[in-house]
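Let's take a friendly walk through this chain, one spot at a time. Have a look at the model below, then read on.

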Amino acid sequence: MCFVELEKAFDCVPCGILWEVLWEYGVCGPLLRAVQSLYNRSRSLVRIANCKSDLFPVHVGLRQGCPLSPVLFIVFMDRISKRSQGLEGVRFGDHRISSLIFADDVVLLAPSSLDLQHALGRFSAECEAAGMGVSTSKSEAMVLDQKKVACTLQFGGEVLPQVEEFKCLGVLFPSEGKMDREIDRRIGRSGSSNAVYVPVCCGEEYLPVNLRSYSHLWS
């Protein structure tokens, strides 16, 4: 698998290409014009200390803080994902999954390093055609196997680093596929967040004691 990091995802969406994507997905007429009205004549400026630059037009990037922006980005990335799909992928039951995408977090899946290289090439090409960029410094490869298997992926003339573990969406994925560490980490976090501490005098010091550890005394 390859964990792909996009460069400044929300800030790099070209409005012109976004309108084409929305049209392909059936957003047209008054609804499309309503969305475009949020971006028409958009201008910005640069402020350094008390100095401000002149206003300049903005034709790239989604509006920060707008409730509609995540939906627009999902549609934008969905077309990139569909156009970059090939014959590669990992089978889960009756389904073949070649990529997992959550906002700008992308995971490419393939049964071999060669297939994964092809998938990465197609995905990066579609991103470039849509005005997006892939960060080589933050993208990494990992092989899910109990044994260490080399996976050499190249992008932009550089070899992507291969890691033994990767944290995606807050979940730690180890290369051997065991989730013991992640389960222990979550149990530990849950235990610490649910703990109720009170100060108990011990000599001249007060020690924090977790009352939940002694709940059997009054239950």
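Glycine 121 is partly exposed, because its relative accessible area is 33%. On this scale, buried means under 20% relative accessible area, exposed means over 50%, and partly exposed is in between (1.4 Å probe, protein chains only). Glycine 121 sits in helix 4, which covers residues 113–129. Helices here are DSSP runs of H or I with at least four residues, strands are runs of E with at least two, and both are numbered from the N terminus.

Which residue lies 34 positions from glycine 121 in sequence but 7.6 Å away in space? That is phenylalanine 155, with the distance taken from C-alpha to C-alpha.

## How to read the model

This is a predicted model, where local features need pLDDT of at least 70 and side-chain atom pairs count only at pLDDT 80 or more, while totals for chains, interfaces and linings use all residues. Residues are numbered from 1 along each chain as its sequence is written, and side-chain values use heavy atoms, leaving out hydrogens and water.

## The chain as a whole

The chain holds five helices and 16 strands. Of its 219 residues, 32% are buried. Taking contacts (heavy atoms within 4.5 Å) with a separation of 6 or more, 54% join residues 24 or more positions apart.

Accessible areas come from the Shrake-Rupley method with a 1.4 Å probe; for residues, only the protein chains shown count as cover.

## Two loops with positive phi

Arginine 41 is in the loop between helix 2 (29–37) and strand 2 (43–44). Its phi is near 60°, a positive value in a residue other than glycine. Arginine 41 counts as exposed because its relative accessibility is 78%.

Alanine 103 also has a positive phi, near 55°. Its loop runs between strand 8 (99–102) and strand 9 (105–108). Is alanine 103 exposed or partly exposed? At 34% relative accessibility, alanine 103 is partly exposed.

## A negative patch

Glu164, Glu176, Asp180 and Asp184 form a patch of negative charge on the surface. Patch members have over 30% relative accessible area and no salt bridge, and like charges are joined within 9 Å. A salt bridge is a side-chain nitrogen of Lys or Arg within 4 Å of a carboxyl oxygen of Asp or Glu. Asp and Glu count as negative, and their charges are placed at CG of Asp or CD of Glu.

Within this patch, glutamate 176 lies in the loop between strand 14 (171–174) and helix 5 (180–194). Glutamate 176 is partly exposed, since its relative accessible area is 34%.

Terms used
Patches are made of residues with over 30% relative accessible area and no salt bridge: like charges are joined within 9 Å, nonpolar side chains (Val, Leu, Ile, Met, Phe, Trp, Tyr) within 5 Å.
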